[in-house]
Amino acid sequence: GLSSVQLSIGQGLHIVSDGTNWQLAKAGITANGTLTNGHCAGFDALGNIVDEGGPCTTSGGGGTVTAGTAGQLAYYPGSAATVAGFTTGSAGKCLIAIAGGPVWGTCNRVDVVAVCGADPTGAVDSSSAFNTCLTTYGNVFVPTGTYHVTTTINLNANLMSLVGENKTTTKIVGTGNANNVMSFVGAVDNLEIGNLTIDRTGTPSSGVAGIGCDPATAHTSVYLHDVNVLNQNQGIQMCGADSALVQNVDSSSNFSDGIFMKTIPSYPLQWNFFNVSASSNGGWGFLVEAQNADLPMGTWNTVGTFANTSGGVRVHGTGATNVNDLRVSNMTLSSDGSGGELSIATGGGCCNIFDNIFAEQTGSQSTGRSGATPAALSGSCIVINGNRDVVIHTMIAFKCSNSGVKTDGSNTT
């Protein structure tokens, strides 16, 4: 039932169907798997298309594409043939050549189970399989399963991606309490993490994260999407970035902050949020800290918090290190701790705009992991101190334990 299947081997040959037979287009290879010179088109150990030097045979070194009912591609690593059929299960997938024969995987990504030996049952530590796959292939697909890792999965080169099959059924679980589950390492660019749940067993050490980073580095073009992070010390650490997008992400039930953003050098924090939430964390839902450098921020759209112990969102700078150019719209903040639903103290930062803010019931109920921290029964919904050019437009502050909006008079504009 396939109209075409792309091969992620060799020179990217494309197999197409004319409704009756499978045919190979490109590179002068015929429907019977022979080159235009009559020689057989085979595969080498790396899966590259090669000239076998003679006509196709039924054994020994050659590979053929057989026309007709099966629409199969046969791979001959030795004398025995391994066949990968174009079946319903292969629809929309690409054929990836490995030493033991071809396997079906997500196009442009290598299957961490089929190719690199990760264990989707969680019985065996998969740390080495993940890191080997990323180092060797760069772009890695993680099928449905639960994977246990004892050491950090490192995205430490440009153009790396780690993408699961589905964020509710693909889980990576850290079993070591002293290591991040995964980290951006070094000043690397063009990175992607998506379609995953990142969990942990046990109690992590202070500062240990589900997704970590080095605050002394920065990245360009990062895409973090469709990810759930839970049971870490800090859920997600976000360091210096330019043109980064976070979409459909939730960080909840962590021991400290849900999302912790900081940078040390003069790097921007241009993480753009769309549909991002943090709830039931033991610290802040979102904590932004300027350290030793002004922080140009990104755009946040559709951000939510609920029942975080320290408070909902804190944007914090000092007189020497400001937070600038944050644009927030459509924010819903509820039932967070005494620090407030939204605490804006940018250190004299400029041009921070908040639009369509709904904040309610600060300090009204128990917070943190499993509601372990009793209700504070104190706290203002919105706290605004030490800012320059902050605009809040269209706001509702409802049933706050103390003030709806509180300011100490230190704001310039």
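Is C239 buried or exposed, and what is its relative accessible area? C239 is buried, at a relative accessible area of 2%. Here "buried" means under 20% relative accessible area, "exposed" over 50% and "partly exposed" in between, with a 1.4 Å probe and protein chains only.

1. A word on the basis. This is a predicted model, where local features need pLDDT of at least 70, side-chain atom pairs count only at pLDDT 80 or more, and totals for chains, interfaces and linings use all residues. Residues are numbered from 1 along each chain as its sequence is written, and side-chain values use heavy atoms, with hydrogens and water left out.

2. On to the cysteines. Searching the whole structure turns up three disulfides, a disulfide being a pair of cysteine sulfur atoms within 2.5 Å. As a reminder, such a link is a covalent bond between the sulfur atoms of two cysteines.

3. Let's take C239 and its partner. C239 is joined to C213 by a disulfide, S to S 1.9 Å. The torsion about the S-S bond of C213 and C239 is about 75°, so this disulfide is right-handed. C213 sits in the loop between β19 (209–212) and β20 (218–230), and C239 in the loop between β21 (234–238) and β22 (240–252), so the pair ties together parts that are 26 residues apart in sequence. The helix and strand labels are DSSP runs numbered from the N terminus: helices are H or I with at least four residues, strands are E with at least two. C213 is buried too, with a relative accessible area of 13%.

4. Next, C116 and C133. These two form a disulfide with their sulfur atoms 2.0 Å apart. With a torsion of about 80° about the S-S bond, the disulfide of C116 and C133 is right-handed. C116 belongs to the loop between β11 (110–111) and α1 (127–137), while C133 is in helix α1 itself, so parts 17 residues apart in sequence are tied together. C116 counts as buried at 19% relative accessibility, and C133 counts as buried at 0%.

5. The remaining pair is C381 and C400, with S to S 1.9 Å. The link of C381 and C400 is left-handed, at -105° about the S-S bond. C381 lies in the loop between β32 (352–360) and β33 (382–384) and C400 in the loop between β34 (390–398) and β35 (405–407), so the pair ties together parts that are 19 residues apart in sequence. Both C381 and C400 are buried.

6. β11, α1 and β12 make up a right-handed β-α-β unit; right-handed means that, with the strands pointing away from the viewer, the path from the first strand over the helix to the second runs clockwise. β11 pairs with β12 (residues 139–142) in the parallel sense over two bridges, where pairing takes at least two DSSP bridges between the strands. V110 has V140 in β12 as its bridge partner.

7. An open sheet of 10 strands has the order β14-β17-β19-β21-β23-β25-β28-β31-β33-β35, with parallel pairing. β14 (153–155) and β35 are at the edges, each with a single partner strand, so one side of each has no neighbour in the sheet. From one strand to the next the twist averages 15°, using axes that are lines fitted to C-alpha atoms and angles from 0 to 180 degrees between N-to-C directions. Within this order, β21 and β23 (residues 259–263) pair in the parallel sense over three bridges, and the bridge partner of I236 in β23 is I259.
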